[in-house]
Amino acid sequence: LGSYESQLKVGSFEFFDDYYYHYFLAKFSSNGEVDWVRSIGMDDYYYIHPQKSGLAIGPGGDVYITGQMFHTLYFDELTLINEDSVYEDFFIARFTPEGKLVHAFNQGAQKAEMYDIAVDSEENIYVAGSYSGALDLGEGISPREELTGYDHRILVKYDKNGIPIWQVTSEEPEPENGSNGFAVEVVDDHVFWAYNSTLGVEGERSYATRIEKYDSDKNLLAYNGVIGTYLEDYTTGYGMDVYGKEIYLTGGFRNSLDLLSDNVEPIWSASNEYTEAYALRFTDEGAGSFNFNWINSAYGDANIFGRDIAASEMGVFWTGQMGSYATFQESTLYGISGDQNTFIGRIEDAEGTFDIQITPDQNSTGSYNSGQSISISSNGDPVILGSYDYSVGFGEHTLATTYEDFYLLSTISDFSK
C-alpha cells in the first residue's frame, strides 16, 4: 500500500492520472513478480502521509486497508464522499486476494486519521489513529464531544460489515500536542494497541509511548511503555510487533528513555543534539504489566529512527532511517555522506544485541532513502518496504528513478542474498 502523484508504473501496470495524490495497492508473488495493482483516486491536492495508512490480511486471505481521504475517494466500483467535513476523514476497504473490491466505507469524520489496521479470526476490524473533530460512531459508542483542537488517540472496533462495536480513547480531553495511536495487532483475539502521547505546554512537555492489551470486549488486561525521563526528553514510537508472548517496539528518543512501570535504569543518548533509534522487548505474562526484557539504541551524525520491527523464528528484524553513519553498540554502519540512508538490521533476541546491520548502496549524492516497514515471509525471512530517490542498490540489484520511488526487498535472515 502506498501513494503516488500523477504517474505510477509497477511491473506492466501503468497509471496516468491528474496531478492529485492517489493510493495504490499492489500484490507481488514470492519471486517479486507483480500479480495485480489497484489505483484509488482522490479529487484534491491533499498530501497522503506515508505513516497514516495501514494494511492487514484477514483469516481468509482478504486484504484490508485504511487511510486518509479529504472529500472524494474513487474506486473502480464505487465512490466514497465525505460531505460534511472540510478536514481529513478516514476510510476502510476490503479486497479479495485477487484484488476485487468487497466493500469500502468512510466514517464521515471531521479531522480523523488512521495509522494502522488489524483483523481478528471473526473478521472484526480494528483501526488505530487519532481525531480532533467530531467523530460519530453511533449512539453509546461515539467518543466525547468535548475537544481541545488537538489530536486524541483512538482505537475503534468494527464488525465485518463495518458497523462500529466499541472505541477506546484518552480518558480526558487532550491538552496541547495530544496523542495518536500508531499500531494495532490482534493475536489470539487479544488486541495490542500502541500510541504516542504528549502532555504539557512547550518547555514542560512529557513524551511517552505506551502499549495496551485488550480482550475482544474492551477490557484492559496489561500495559507497559517508555517515557522521557525528564520534561522535554523527546520520545516517539513507530513500529510494534507481537510474536507469541514477546512484544517488540521501535522508535526514536532524545536525551533519555525510561520505562513506565519497571524499576530499570533509564538509557541515555550519546548526544542530545540528535534523535537516537531504539528497539526493545517486553514479555506478556498475562498479569497487569508486560515484563521488560531488553532495550538498546543506535546513534549517529543525524536523527535516527527505528521505523518498524518484526520477529520470527529466524530472529528480530528492524528498519529505519539514519544519516551518514550510525553506531550500533560495537559496530558502525556507513552510508553516503550528507544523505539520509536506510538501515536494516537483525537483533539477537535473547539479550537484544545488535547482530547484523546493513545499508543499501546509493550511486549518487543528494539522495534520500528510508526503510518504512518490515514484515515476515512464510519461511521466516524479512521483507522490507522502503522509499528512495535517484538510486538504491542491494548487492547485484540496482534501482534508479528520476523522482521518488519505492522498493520492495526480500532477503534472507543474514542479508547475504
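Beyond its neighbours within four places in sequence, tyrosine 325 is in contact (heavy atoms within 4.5 Å) with Tyr299, Gly300, Asp301, Thr332, Leu333 and Tyr334. The model is predicted: local features need pLDDT of at least 70 and side-chain atom pairs pLDDT 80 or more, while totals for chains, interfaces and linings use all residues. Residues are numbered from 1 along each chain as its sequence is written, and side-chain values use heavy atoms, with hydrogens and water left out.

Tyrosine 325 belongs to strand β27 (residues 325-328). Its relative accessibility is 28%, so tyrosine 325 counts as partly exposed. Here buried means under 20% relative accessible area, exposed means over 50%, and partly exposed lies in between (1.4 Å probe, protein chains only). Tyrosine 223 is 102 residues away in sequence and 34 Å away in space, C-alpha to C-alpha.

The protein chain contains 35 strands and 0 helices. Both are DSSP runs numbered from the N terminus: helices are H or I of at least four residues, strands E of at least two. The radius of gyration is 21 Å, close to the 22 Å that the globule rule gives for 417 residues, so the chain is as compact as a globular protein of that length. This radius is taken over C-alpha atoms, and the rule is 2.2 Å times the number of residues to the power 0.38. The C-alpha trace spans about 55 × 50 × 40 Å along its principal axes. Of the 417 residues, 55% are buried.

Nonpolar side chains tend to be buried together in soluble globular proteins. In this chain, the largest nonpolar core has 23 residues, and Ile247 and Tyr278 touch the most other members. Such a core is a set of buried Ala, Val, Leu, Ile, Met, Phe, Trp, Tyr and Cys residues joined through side-chain atoms within 4.5 Å. Strands that each supply at least two residues of this core include β14 (179-187), β15 (190-199), β19 (246-253) and β22 (276-283). Another core, of 19 residues, lies apart from it; Ala109, Val119, Ile154 and Val156 are among its members.

Two loop residues have positive phi without being glycine. Aspartate 189, between β14 and β15, has a phi of about 60°. Lysine 218, between β16 (206-214) and β17, has a phi of about 80°. Aspartate 189 counts as partly exposed at 34% relative accessibility. Lysine 218 also counts as partly exposed, at 36%.
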